[in-house]
Amino acid sequence: MTRSIFVPNDTGARSIGADEVADAIAAQIAALGLDAAVVRNGSRGAYWLEPLVETDSQTGRVGFANIRPHQVAELFASGTLPTRDHPLSVGVISEIPWFRAQQRITFARAGVIDPLSLHDYRAHNGLVGLQRALTMSSQDIVREVMNAGLRGRGGAAFPAGIKWETVRNATASQKYIVCNADEGDSGTFADRLLMEADPFQLIEGMTIAALAVGATEGLIYLRSEYPYTEQTLRDALRLAREAGVLGPAVLGSSHTFDITLRIGAGSYICGEETALLESLEGKRGVVRAKPPLPALSGLFGKPTVVNNVLTLAAATDILATGSDAYAAAGVERSRGTLPFQLCGNVRRGGLVELPFGITVRDLLETFGGGTRSGRPAKAIQVGGPLGAYLPTTQWDTPLAYESMAAIGAMLGHGGVVVFDETVDMGEQAEFAMAFCAHESCGKCTPCRLGSTRGAEVIARLRRGEDSRKHWSLLEELCETMELGSLCALGGLTPMPVRSVMRHFAGDLLSSAPGHVLISEAT
Amino acid sequence: MLTADDELTELQSLLDGAPTDASNLLPVLQAVQRRLGRVSPGAVRLVAAAFNLSRAEVYGVVTFYGDLRETAVGTHVVQVCMGEACQSVGCRTLMRHAEATLGVTAGHTTPDGHFHLEAAYCFGNCALGPTVRIGDTIHGAITPERLPALLAALRNAG
């Protein structure tokens, strides 16, 4: 039987040479005349091990980590496929503590299967949720999602079941399922990883949502910064159509559903759901005032479900195994699992899927293994560019929606970016405002002008100009942006800024020792 | 470099048969950008006519999105990720090196037209930064030491 040797076809793995490794392996197989073939799987998200080459064995998949093209000949030195006894082996993948300590639900298939094999997908519980959904009433599907306590994974954490119920109850000639795949937050890559490693899961999730609300058309809005993901999704959509998963008779049923892929054009704000809808309508990505809610008046004024990639993906498991099983994980009103994206200056960065509730410190120490630079960590930004910077004193906070909100932070899309002691937090605060100014859609004044003025004021503070005046000006500005902005960009940009004011005031002010404002601020 | 006339001929062939409902405007403008390297005033005029929109409406869309450019830039667009995750592993230093190596500041094209250097915000490669995108290829773990070789390879490739 032809044996498989796996090399990830993932943006991260490819960015550090996976394609060259795959080519070199194929050449070795040919030269040695082995009965083996290279399979391009997705990544398991253990970026610290990439490029991670794997082979099948009696005891499970065996890994060979951080393989560079020049090491491939060494892998095949014995003239056969490498085994777990090979010096470059990291052993059986499932036994590596970094994986064993995770609870993978949404990412259970990631890195295991060939992303573009529907056969693999079905063999690993794929389409079970959709098949069950096809036997249920739309009301029961929504109830299942509601009972699972699934909240929007894009960052806003709105209960998905309530959104679906609103669209289900709306009467309209056309309803839409829109997948927000505009994963713009720095420090997040879970959507990308899922779409590259397990794209059929997203397609299945969108189809379940369509059955739940009575939609026949779906759109995926993917950011243009993900060129490899685009190719995988295009192929997956074509294969799903050919296999009858999508199309006029979903899995042979009387339901119609198809999905169009749309590519963004380099605008961060289009990750905001109403700006995204405007963009899909061919307009500038300018935020809409709410109400009306997109659930009632969304794309082209029709009832529209707008959900993040991971929210839609989670629906497949909820339908497959039931809401009770899903809701069993997590804490308080944060149910299920969240794929934390541990990255930045960290030794073992990657995707860590766990139930809500792990502490920041546990994530950094158990999984991250400290900083990549070896210097002490100073701050951790959780939740993307609009999330707070947490000082060491806050690292025992559990990562859940409620506990993060309680310390003036947010979980967002689960990005966790580690900074070592060399970071200048004043520079980070200034960047937060400058980024908002760069990406503001310009519709509302607090965001459009506030962000520019904010960056200016912080620059003055950093230069030590009239600190007292500029400190209170910045506080006022933050409050105005928080209360007066139309959407989360302007409304949340003050969050990282305030976290720096609160916890890293010394970095923000000119470094005169014993500065009066430091004591005022704390 | 295409002449203005060539450009308009290319464009007309691209527009022929393309759906002109509003939702297809961005895909068409993206196709123009890909084909011609820019969305010129002439392109705006033709697209506006095809979609039955005012030139101002189309121009407004072009100027909103970073991927759409009014003027063409260098052959190889070099985008250095300046997002927070890459900041934590030294992208600010990397950008300074890129500027020094290419002899231009971010947002500019080299005099020989080979390279256009700019900042970008996140390629979803946050555990393997600093990340640089050149054309449609994503490069991870790019240190100031590795950058010159990467650029030299492209320069030699033409």
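This is a predicted model. I start in chain B, with helix H3, residues 41–51, and helix H4, residues 55–64; their axes come within 8 Å and cross at roughly 120°. That angle is why H3(B) counts as oblique to H4(B). As for handedness, H3(B) passes H4(B) in a right-handed crossing.

Which residues of H3(B) and H4(B) meet? From H3(B) they are B:Val44, B:Arg45, B:Val47 and B:Ala48. Facing them from H4(B) are B:Arg55, B:Glu57, B:Val58, B:Tyr59 and B:Val62. Sorted by class, this contact has 6 nonpolar and 3 charged residues, and no polar ones.

Now the core. The largest nonpolar core has 189 residues. The residues with the most contacts inside it come from both chains: A:Cys179, A:Leu194, A:Ile203, A:Ala209 and A:Ile380, together with B:Val80 and B:Cys81. Which helix gives this core its largest share? That is helix H10 of chain A, residues 199–213, with 10 residues.

Let me take A:Ile380 from that list. Leaving out residues up to four places away in sequence, A:Ile380 touches A:Val360, A:Leu364, A:Leu390 and A:Trp395, as well as A:Val416, A:Val417 and A:Val418. Another core, of 18 residues, lies apart from the largest one, and its members include B:Leu25, B:Leu26, B:Val44 and B:Val61.

H10(A) contributes A:Pro199, A:Phe200 and A:Ile203, while H11(A) contributes A:Thr232, A:Leu233, A:Ala236, A:Leu237 and A:Ala240. The class count here is 7 nonpolar, 1 polar and no charged.

Last, the contact between the chains. How many residues does each chain give? Chain A gives 41 and chain B gives 33. On the side of chain A that touches chain B, the elements with two or more residues are helix H1 (11–15), helix H12 (273–280), strand S12 (337–344) and strand S16 (415–420). H1(A) has the largest share of that side, 4 residues. By class, the chain A side divides into 15 nonpolar, 18 polar and 8 charged residues.

That is what I have; questions are welcome.

How values were computed: Residues numbered from 1 in each chain as written. Chains lettered and ligands numbered in written order. Predicted model: local features only at pLDDT ≥ 70, side-chain atom pairs only at ≥ 80, totals over all residues. Contact = placed C-beta atoms within 7 Å. Nonpolar A, V, L, I, M, F, W, Y, C, P; charged D, E, K, R; others polar. Axes fitted to C-alpha atoms, helices over the stretch in contact; angles between N-to-C directions. Parallel < 35°, antiparallel > 145°, perpendicular 65-115°, else oblique. Left-handed = near helix turned anticlockwise from the far one by under 90°. Core = buried A, V, L, I, M, F, W, Y, C linked by C-beta atoms within 7 Å. Buried ≥ 20, exposed ≤ 12 C-beta atoms within 10 Å, placed from the backbone.
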